Amino acid sequence: MSRLEEQTKELVAKLATVREMGGAAAVEKQHAAGKLTARERIDAFFDKDTFVELMALAHHQSDSPMMAGRKTPADGIVCGWGKVDGRKVAVIAYDFTVMAGTIGLIGELKSARLREIALRDKLPLVWFLDSAGARVQEAATSMFAGSGSMFYDQVMMSGVVPQIAAMCGPCAAGTAYVPGLADFVPMVKGTSSMALAGPPLVKAATGEDVTAEELGGSRVHTKESGCGDLEVANDAALIAVCRDYLSYFPSHCGDKPPIITNDDPVERAEEALLQIVPENPRSPMDMHKLIELIVDHGKFLEVKPEWGKAIICRFARIGGRSIGIVASNSKWLGGVLTNDPADKAAKFIETCDAFNIPLLFLQDVPGFMVGAKTEKEGIIRHGAKMLFAVSRATVPKITIIVRKGYGAGYYVMCGKGYKPDLIVAWPSAEISVMGPEGAVNIAFRKQIEAAGEGLQGEAQKKAQDDARAALVEQFRGMITPYVPAAWTYIDDVIDPRATRKVVHNALVMAEDKHVELPARRHGIFPV
């Protein structure tokens, strides 16, 4: 055997040891917790036999007494790239079987190199996060002063390549900012969590007894904080949704999303759309159903479905073309906009605009919540985020007023003043500074009071109610879509059954759109 053969045999043995990760017992413990290992996740995520690992032979170089005798295969982090549906994607996966996936100096050097490659070569970056945070055995000294570049790198990559923080396990302390800065954050129910401090540190700092799930589990972040985008059942579902998400996106900001051919004709007309809008204007309508009826094969990917529910944000396709849908949801508080829906929509609009995904706005919005409580909570500032995002977006924008388009709600849902490439209305649309009831109560208050003059009790109330109802109907006739259509403030009133075709035609019309914004360093986002 030649010297090179011996050296190659040694290399193969070293790589085999690395692929054993933290050892059989640690792998078994990982499986017992209902989790795949980092390498199993990677194998399931990428197209078969396409993953190329980099820096596999790295391991800790610490001289700390606390690291003496410890083995850290690949230093607890698997880095490389592969293909998803034939397109290149970079991956950073923390290996919980090696010191609980903690981040050591060498592991971070690996991650930094992979981030450099992803930015340079314009590759989407997916993080599989299953980590207890910084490796205290290495980091608990003043050497900490040189850390933190991963978050800087994420910001530099933001809007250049898609970034997914796939939450498969814990994500504690500083690493919690990885999902905080990512574009999409799906979380596995029961195993994933993120918090700036884990339960032991919270107990030491505040005296509060709390579990990881109570502190920052998937329910907390997908239903309460809004930091998580989607809760899924297990690792397999997490991997599937990451692949699905990437399918709607280009590989980088300089490209356009792929067009996926399918057999759903763009001319398809849906009679069921004629039954979507209730007879009673106060009754909620099923916007979820409307979306399913107009998109390709009724398929979509919804973002933050359990948070900010007055707005629906979905990725879908029409005619094989990716679109981002921002739709009112009158089944939640009548569709009234509050802080969380405004924040949710602003982030979604910004994400679509960054990656050349056209936007479709479906309006049934009565406006923003009013009152002392909501003002104290900063509704003006939060609403301004949505205004800012929709104004700054330069991708094709299509607006359909399905029913209500009232007040500032009409503005933030891409009304005429926000440069939609097409703005049309269903015959059921109502466009006004406010709803008929509110307008009548303000504008005709004295006339309504006069209707009850000379009467008392129930007779007076009935006379006033009848006068109010007649004025409401009269006012309703003044806010039909035919008024702005006559003034060319909207482009058309359309047959609801033709909605799918109308949207597709607009996407084709605006596919080469290019807008130059005023020269500046950047706008000041109203955070």
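How many bridges join β11 to strand β12 (residues 359–365), and do the two run parallel or antiparallel?

Analyst: Four bridges join β11 to β12, and these two strands run parallel. The model is a predicted one, in which local features need pLDDT of at least 70 and side-chain atom pairs count only at pLDDT 80 or more, while totals for chains, interfaces and linings use all residues. Residues are numbered from 1 along each chain as its sequence is written, and side-chain values use heavy atoms, with hydrogens and water left out.

Strands are DSSP runs of E with at least two residues, helices are runs of H or I with at least four, and both are numbered from the N terminus; two strands pair if DSSP finds at least two bridges between them.

β11 also pairs with strand β10 (residues 311–318), to which eight bridges join it, and here the strands run antiparallel. Within this pairing, Arg 317 stands opposite Ser 322 of β11. The two strands form a hairpin with two residues between them, and Gly 319, in the turn, has a positive phi of about 65°.

On the β12 side, β11, helix α13 (residues 339–354) and β12 make a right-handed β-α-β unit, where right-handed means that, with the strands pointing away from the viewer, the path from the first strand over the helix to the second runs clockwise.

As for cover, β11 spans residues 321–328, and eight of its eight residues are buried (under 20% relative accessible area, with exposed meaning over 50% and partly exposed in between, for a 1.4 Å probe and protein chains only). Arg 321, Ile 323, Ile 325 and Ala 327 are buried on one side of the strand, and Ser 322, Gly 324, Val 326 and Ser 328 are buried on the other, so that both faces are covered.

Leu 181 belongs to helix α7, and it counts as partly exposed because its relative accessibility is 32%. Ser 225 is found in helix α10 (residues 218–225) and likewise counts as partly exposed, because its relative accessibility is 32%. Apart from neighbours within four places in sequence, Ser 225 is in contact with Val 220 and Trp 307, contact meaning heavy atoms within 4.5 Å. Pro 305 is 80 residues from Ser 225 in sequence, while the two are 13 Å apart in space, C-alpha to C-alpha.
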